[in-house]
Amino acid sequence: MKIWIDADAAPQDVKQIVFRAAKRLDVETILVANRPLSVPPALTMVRSVVVREGADQADRYIVNHSEAKDIAITADLPLAGDLVEKGVYVIDPRGDEYSPDTIASRLSMRNFMDDLRGEGMVVGRSSPYGETDKKAFAATFDRLLTKALNRK
């Protein structure tokens, strides 16, 4: 089992929670980004992969290298959909789990909102990442990590 982080926009709090778990459980963890990211040198089980510039390069890398039973952290819904289809456990930085039961409706809502934004009918952004998001992520991540480690 590996942990994948779509790391270009992952909050630092999320990375720290994952790093602590990776160290405690000695689980290989891969940060994938379009730019070099620093990884604490003491965490030998954590590495960073730099993909070339371009849309969806990090996403493609994660999809191509992940396997069922892995865990992935991403806020990218199309990527989440591809990973869920492969049997990967997927969580977003705010603690929402994407599963076969939820991904289709999430993608549909995302596409609907994109259409509304394109028409100028919806403006605005999500709220800043905060302590509530961090706690929700930690709880869901812990649950999925336990599930993944116990999955045969």
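1. **A pairing to start from.** Strand 2 and strand 3 pair in the parallel sense, over 5 bridges. Two strands count as paired if DSSP finds at least two bridges between them. Helices (H or I, at least four residues) and strands (E, at least two) are DSSP runs, numbered from the N terminus. Within this pairing, Leu-31 stands opposite Ser-48 in strand 3.

2. **Basis of the model.** This is a predicted model, in which local features need pLDDT of at least 70, side-chain atom pairs count only at pLDDT 80 or more, and totals for chains, interfaces and linings use all residues. Residues are numbered from 1 along each chain as its sequence is written, and side-chain values use heavy atoms, with hydrogens and water left out.

3. **Overall layout.** The protein has 5 helices and 6 strands. Along the sequence they follow the pattern β-α-β-β-α-β-α-β-β-α-α. Of the 152 residues, 40% are buried. Buried means under 20% relative accessible area, exposed means over 50%, and partly exposed lies in between (1.4 Å probe, protein chains only). The protein exposes about 8,600 Å², and carbon and sulfur atoms supply 50% of that area. Accessible areas come from the Shrake-Rupley method with a 1.4 Å probe; for residues, only the protein chains shown count as cover.

4. **Contacts along the chain.** Take the contacts with a separation of 6 or more: residues 24 or more positions apart account for 54% of them. A contact means heavy atoms within 4.5 Å.

5. In what order do the 6 strands of the open sheet stand? The order is 3-2-1-4-5-6, with mixed pairing. Strand 3 and strand 6 stand at the edges, each with a single partner strand, so one side of each has no neighbour in the sheet. Strands of a sheet pair through backbone hydrogen bonds, either parallel or antiparallel.

6. **Strand 1.** Strand 1 runs parallel to strand 2, joined by 5 bridges. Lys-2 has Glu-28 in strand 2 as its bridge partner. Strand 1 also pairs with strand 4 (residues 71-73), in the parallel sense, over 3 bridges. There, the bridge partner of Trp-4 is Ala-72 in strand 4. Why is strand 1 largely enclosed by the rest of the structure? Because 4 of its 5 residues are buried.

7. **A crossover.** Strand 1, helix 1 and strand 2 make a right-handed β-α-β unit. Right-handed means that, with the strands pointing away from the viewer, the path from the first strand over the helix to the second runs clockwise.

8. **Lys-15, worth a look.** Lys-15 is found in helix 1 (residues 12-25). Lys-15 is buried yet has no salt bridge. A salt bridge is a side-chain nitrogen of Lys or Arg within 4 Å of a carboxyl oxygen of Asp or Glu. The nearest side chain of opposite charge, Asp-8, is 8.0 Å away. For charge, Lys and Arg count as positive and Asp and Glu as negative; His and the chain ends are not counted. Not counting residues up to four places away in sequence, Lys-15 touches Ala-7, Ala-10 and Leu-31.

9. **Helix 2.** Which residues of helix 2 (residues 57-65) are buried? They are Gln-57, Ala-58, Asp-59, Ile-62 and Val-63. These buried residues pack against strand 1 (2-6), strand 2 (28-33) and helix 3 (77-86). An α-helix has 3.6 residues a turn, so residues three or four places apart point the same way.

10. In one of them, the side chains of Glu-28 and Arg-47 meet at 3.2 Å, N to O. Glu-28 is in strand 2 and Arg-47 in strand 3 (residues 46-50), 19 residues apart. Glu-28 is partly exposed, at 28% relative accessibility. Arg-47 is partly exposed too, with a relative accessible area of 37%.

11. Asp-133 forms a salt bridge with Arg-94, with the closest N and O atoms 2.9 Å apart. Asp-133 is in helix 5 (residues 131-150), and Arg-94 is in the loop between strand 5 (89-91) and strand 6 (97-98), 39 residues apart. Buried or partly exposed: which is Asp-133? Asp-133 is buried, with a relative accessible area of 15%. Arg-94 counts as partly exposed, at 25% relative accessibility. Arg-143 forms a salt bridge with Glu-97, the closest N and O atoms being 2.9 Å apart. Arg-143 lies in helix 5 and Glu-97 in strand 6, so the pair ties together parts 46 residues apart in sequence.
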